[in-house]
Amino acid sequence: MKAIYEKSVTVLGSTGSVGTQALDVARSQNIKVDAISGATRIDILEEQIREFSPSVCAVLSEYKAKELAVRVADTDCRIISGYEAIVDLAGRGISDAVINSITGKAGLRPSLAAIEAGTSLALANKETIVCAGELVNKAAAENNVKILPVDSEHSAIFQCIGDSRHEDISKVILTASGGPFYGKRREELKAITPEMALAHPTWKMGPKITIDSATLMNKGFEVIEARYLFDMPADKIEVIVHPESIVHSMVEYIDRAVIAQLSCPDMRLCVQYALSYPNRCTGTLKPLDLTEIGSLTFKSPDYGTFKLLKLAYEVLERGGNLGAALNGANERAVALFLEERISFTDIMDLVCEAVDKIRFIAKPTLDDIEETDIISRELIDELSGSKVSD
Ligand code: MG
């Protein structure tokens with residue numbers, strides 16, 4: 001087993017919130033960065049190329065890639081471009097681990113490519129599991145690949161489980177900050193603007209996941225993620241609101257002992273543990289001072305107002321292609337909300353309607369997943385269009 005500083009990584013989505021924090025870990029642990037990828041932000045990619053000297057950088061935008069290639073012509077980094085280039089990079093097998101911090105369903109094929117190449121996958125892209133949990137688990141088993149969770153709740157559960165036997169676990173308890181609108185009623189949510197929803201109380205994250213946190217869709221996705229990462233049925237996955245974001249999640253065992261993982265909220269711990277697992281190493285996190293925090297509080301989620309969390313449980317019960325439908329519909333609805341074309345409560349209503357309308361496929365192939373994703377996005381456009389003309 002290699003020590004963390006002997007490892008090398010490919011960081012997909014390196015310009016995003018988790019991606020830049022993954023590179024912070026690479027910097028503090030002296031980890032070699034083989035490759036990076038980003039969508040359009042070439043200023044950040046250029047800085048990262050100069051600091052970490054990856055041999056290759058994939059850029060989603062062909063146009064931006066050309067500009068970046070000119071800017072870094074004095075380095076040894078090769079610039080490749082387009083979505084297929086990112087998938088290809090993930091599947092090259094050049095690193096000890098691929099850290100997937102791409103946002104949205106675009107992360108699915110790079111995840112599968114890494115797994116098929118037999119590379120450990122440090123997974124921050126929860127949509128990979130939400131869209132295709134069953135296919136991803138099957139591919140991981142066939143290729144003997146361990147999926148290492150980077151999502152903070154799942155990293156916590158992973159840490160709490162340790163070497164315990166699966167049959168000894170009675171349930172997992174995901175904590176949720178509750179987002180900025182906990183306690184608000186539906187009427188009060190109608191006037192929420194993107195600016196208000198983007199101000200998350202405890203975690204600093206990218207725009208898409210911040211909106212998902214405000215609607216609790218993010219927690220719904222995490223319930224689905226827990227189902228597939230830890231092989232737990234829906235009725236053994238509980239969500240509890242914990243506004244301080246200090247307890248990152250808990251595991252209850254059959255003897256009623258509950259093991260929790262606590263730390264200051266910082267994604268760097270999650271990335272670092274995924275890379276140091278099963279060992280630990282010193283990092284840059286500040287020590288947790290519970291006397292400074294004073295008290296930790298826990299409440300029940302409001303499933304009535306935040307109905308996407310409830311919908312996620314229903315989707316999980318039925319399985320099939322519904323995870324892909326839920327994700328596709330939500331991604332499109334969040335984009336429309338950020339463009340101020342629909343309201344905050346429309347996100348929840350439209351996603352519920354779209355998932356209800358999608359044709360159910362019990363055993364979807366990857367093609368079925370892709371098609372479901374497209375149709376669910378189109379449904380959101382249709383349904384929101386009809387709303388406007390009403
Ligand atoms: Mg999370």
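## Basis of the description

The model is predicted, with local features needing pLDDT of at least 70 and side-chain atom pairs counting only at pLDDT 80 or more, while totals for chains, interfaces and linings use all residues. Residues are numbered from 1 along each chain as its sequence is written, and side-chain values use heavy atoms, with hydrogens and water left out.

## The sheet

Four strands make up an open sheet with mixed pairing, in the order 9-8-10-11, where strands (E, at least two residues) and helices (H or I, at least four) are DSSP runs numbered from the N terminus, and two strands pair if DSSP finds at least two bridges between them. At the edges lie strand 9 (237-241) and strand 11 (258-262), each of which pairs on one side only.

Strand 8 (residues 169-176) and strand 10 (residues 247-253) are paired in the antiparallel sense over five bridges, and Ile-173 has Met-250 in strand 10 as its bridge partner.

## Salt bridges

The structure holds 36 salt bridges, each being a side-chain nitrogen of Lys or Arg within 4 Å of a carboxyl oxygen of Asp or Glu. One of them joins Lys-32 to Asp-34, with the closest N and O atoms 2.6 Å apart; Lys-32 is exposed at 53% relative accessible area, whereas Asp-34 is buried at 6% relative accessibility (buried means under 20%, exposed over 50%, partly exposed in between, with a 1.4 Å probe and protein chains only).

Asp-43, Glu-46, Arg-50, Glu-67, Arg-71 and Asp-74 are linked in a network of salt bridges.
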